[in-house]
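Colleague: I'm new to this one, could you walk me through it?
Modeller: Gladly, here it is.
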Amino acid sequence: MAKRRSAVFCPCGSGTAYESCCGMLHRGEKTAATAEQLMRSRYSAFVVGDTGYLLRTWSAKTRPPSLTLDATDWTGLEILGTTAGTAFHSEGTVEFRASYAGGVQQENSLFTRENGDWVYVEPR
C-alpha cells in the first residue's frame, strides 16, 4: 500500500508531520474541510502510494474501478489558485503544479461534495 511515509514533514507542504496532517485523513480519522485540503491530501496519497484513499475521495461519477500507481518520484506541490471550495460551498476548483523527478504536472481540478464530504471529480 504505502511507498513511504515521512515522520518529519507531510508531502502536502504544510510543514507539519505527515502523521498529524494528511495521515489523519488517509487513516479516516478526519475528513477534508476544504477542496484545497482534499487536493493536498490526495497529492500526499500519491506520494505515499495510498490508492485506497485516492479511490475513496474520487467522485462516484468519475472514479475508475481500480487504480494502479506507477513509481513516480513526486518532489513537491504548489497551489496556484482556488475558487470556492470552502466549508460554505458545495463545489470548488484547485489549480496546482505537482513536480516529479523529470517533470511537472499542472491541472485545475474540480471538487464537489458527496454525502457531505469533498471528493475529486475531474480536471477542468
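Colleague: Which residues line the second largest pocket?
Modeller: In this predicted model, the second largest pocket is lined by L25, G28, K30, T31, A32, L38, Y53, R56, T57, D117, W118 and V119. A pocket here is an open set of points on a 1 Å grid over the protein atoms alone, where a 1.4 Å probe fits, with protein on both sides within 12 Å along at least five of seven lines, and lining residues have an atom within 4 Å of a point.

Colleague: What should I know about the numbering and the model?
Modeller: Residues are numbered from 1 along each chain as its sequence is written, and side-chain values use heavy atoms, leaving out hydrogens and water. Because the model is predicted, local features need pLDDT of at least 70 and side-chain atom pairs count only at pLDDT 80 or more, while totals for chains, interfaces and linings use all residues.

Colleague: Back to that pocket, which element gives the largest share of the lining?
Modeller: That is β4, with three residues, and both α3 (51–56) and β4 (117–123) supply at least two. Helices (H or I, at least four residues) and strands (E, at least two) are DSSP runs, numbered from the N terminus.

Colleague: And how much space lies in it?
Modeller: The second largest pocket holds about 200 Å³, a volume being the space filled by probe spheres set on the grid points, which are joined across faces, edges and corners.

Colleague: What about the largest pocket, which residues lie nearest its centre?
Modeller: Those are R42, F46, W74, F96 and Q105, out of 18 lining residues, and the volume of the largest pocket is about 350 Å³. Its lining takes at least two residues from each of α2 (35–48), β2 (91–100) and β3.

Colleague: Changing topic, is α2 mostly covered or mostly open?
Modeller: Mostly covered, since ten of the 14 residues of α2 are buried, meaning under 20% relative accessible area with a 1.4 Å probe and protein chains only. Among the buried ones are L38, M39 and R42, and just after α2, G49 takes a positive phi of about 80°.

Colleague: Last one, where is S109 found?
Modeller: S109 is in strand β3, residues 103–114, and it counts as buried because its relative accessibility is 1%. Leaving aside residues up to four places away in sequence, S109 touches G92, T93, V94, F96, Y120, E122 and P123, where contact means heavy atoms within 4.5 Å.

Terms used. Buried means under 20% relative accessible area, exposed over 50%, partly exposed in between (1.4 Å probe, protein chains only).
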